[in-house]
Amino acid sequence: MIGSRMRAVVAPLALGCALLLGWVLTAKIGQMPRFVLPTPADVLDALHLQLSSRSFWRSLCVTLFEAFGGSTLGAAVAIPLAVAIHESRWFSAATQPFLGATQAIPAIVLAPLLVLWVGYGLVPVMVLCALMVFFPILVATVLGLRHVDPELVAAGRMDGAGTLSLLRHIEGPLSLPSTLAGLRNGFTLSITGAVVGEMVMGGSGLGELLTIQRDRLDTPGMFATIGVLCLVAATIYSIIRWLEHRISFTDAAAD
């Protein structure tokens with residue numbers, strides 16, 4: 001246990017140090033122009049300026065609001081649909097080919113259509129985020145429901161439990177770790193959707209900031225903004241991952 005925990009800390013740190021060293025050597029030895037590949041020091045200076053700016057924090061809050069809103073909207077549609085697919089073989093057979101076909105359409109291609117249908121600003125960006133997180137949450141929830149122990153479900157039916165009761169007391173709690181895994185992956189996609197949506201459809205979040213930095217050839221600023229986005233996504237990812245492990249551990253202890 002101690003070895004695995006140490007490995008989980010040391011391995012990422014070692015890889016990070018190696019990547020950082022490669023970055024420094026490439027920027028210094030290769031004599032890359034600052035607007036092509038800034039040094040880590042340049043990026044840290046840009047990050048310090050951003051973190052000391054109120055407008056940056058407002059932009060970050062807007063992007064997070066869009067991502068959370070889109071994730072919530074996508075989950076509100078995906079989870080009930082997953083339950084319907086699990087409970088009805090006819091509904092599953094009817095919808096799954098269409099659901100699979102929708103994944104052949106890049107979400108970014110829908111952005112111009114969303115502008116025509118919804119307009120510019122906050123709402124279309126949230127809808128784009130919802131479209132990006134919908135499928136991962138749906139698939140994870142369906143798989144979680146289908147992997148619930150059939151003997152537990154059969155025992156519940158023998159005790160007189162109906163469909164809703166089984167879903168509430170057996171299938172829902174046991175499939176929750178899988179649903180959280182879908183939410184975990186979906187949220188990282190929603191961050192991407194929010195930024196790309198702002199760059200395509202307009203907005204006042206970090207996507208707009210990245211567009212301004214790109215036009216100004218502010219590469220260190222772009223690196224800093226992308227770094228903040230990665231850190232935020234990784235933090236939320238880790239929190240949901242921790243919840244998954246905690247729920248799984250609680251279930252195992254209960255058994």
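This is a predicted model: local features need pLDDT of at least 70, side-chain atom pairs count only at pLDDT 80 or more; totals for chains, interfaces and linings use all residues.
Local features need pLDDT of at least 70, and side-chain atom pairs count only at pLDDT 80 or more, whereas totals for chains, interfaces and linings use all residues. Residues are numbered from 1 along each chain as its sequence is written, and side-chain values use heavy atoms, with hydrogens and water left out.

Helices H6 (residues 122–146) and H8 (residues 163–201) pack at about 155 degrees, with their axes 6 Å apart. Helices here are DSSP runs of H or I, at least four residues long, numbered from the N terminus. Axes are lines fitted to C-alpha atoms over the stretch in contact, and angles run from 0 to 180 degrees between N-to-C directions. H6 and H8 are therefore roughly antiparallel to each other, a term for angles over 145 degrees. Their crossing is right-handed, that is, the near helix is turned clockwise from the far one by less than a right angle. The contact of H6 with H8 comprises 15 nonpolar, eleven polar and two charged residues. Ala, Val, Leu, Ile, Met, Phe, Trp, Tyr, Cys and Pro count as nonpolar; Asp, Glu, Lys and Arg count as charged; the others, Gly among them, count as polar.

H3 and H4 also pack with their axes 6 Å apart, at an angle of about 125 degrees. H3 contributes Leu81, Ala84, Ile85 and Glu87 to the contact, and H4 contributes Arg89, Phe91, Ser92, Thr95, Gln96 and Leu99. Contact means heavy atoms within 4.5 Å. By class, five of these residues are nonpolar, three polar and two charged. Thr95 lies in H4 (residues 89–102). Thr95 is buried, with a relative accessible area of 16%; buried means under 20%, with a 1.4 Å probe and protein chains only. Thr95 and Leu81 are 14 residues apart in sequence and 9.6 Å apart in space, C-alpha to C-alpha.

The largest nonpolar core has 15 residues. Such a core is a set of buried Ala, Val, Leu, Ile, Met, Phe, Trp, Tyr and Cys residues joined through side-chain atoms within 4.5 Å. Leu60, Phe187, Ile191, Leu206, Val228 and Leu229 touch the most other members. Helices H3 (54–87), H8, H9 (206–215) and H10 (219–254) each give two or more residues to this core. H10 gives the most, with six. Phe187 touches Ala67, Phe68, Ser71 and Ile236, not counting residues up to four places away in sequence. A second, separate core of eleven residues includes Ala75, Ile85, Phe134 and Ile137.

Definitions and conventions
Angles under 35 degrees count as roughly parallel, over 145 as roughly antiparallel, 65 to 115 as roughly perpendicular and the rest as oblique. Buried means under 20% relative accessible area, exposed over 50%, partly exposed in between (1.4 Å probe, protein chains only).
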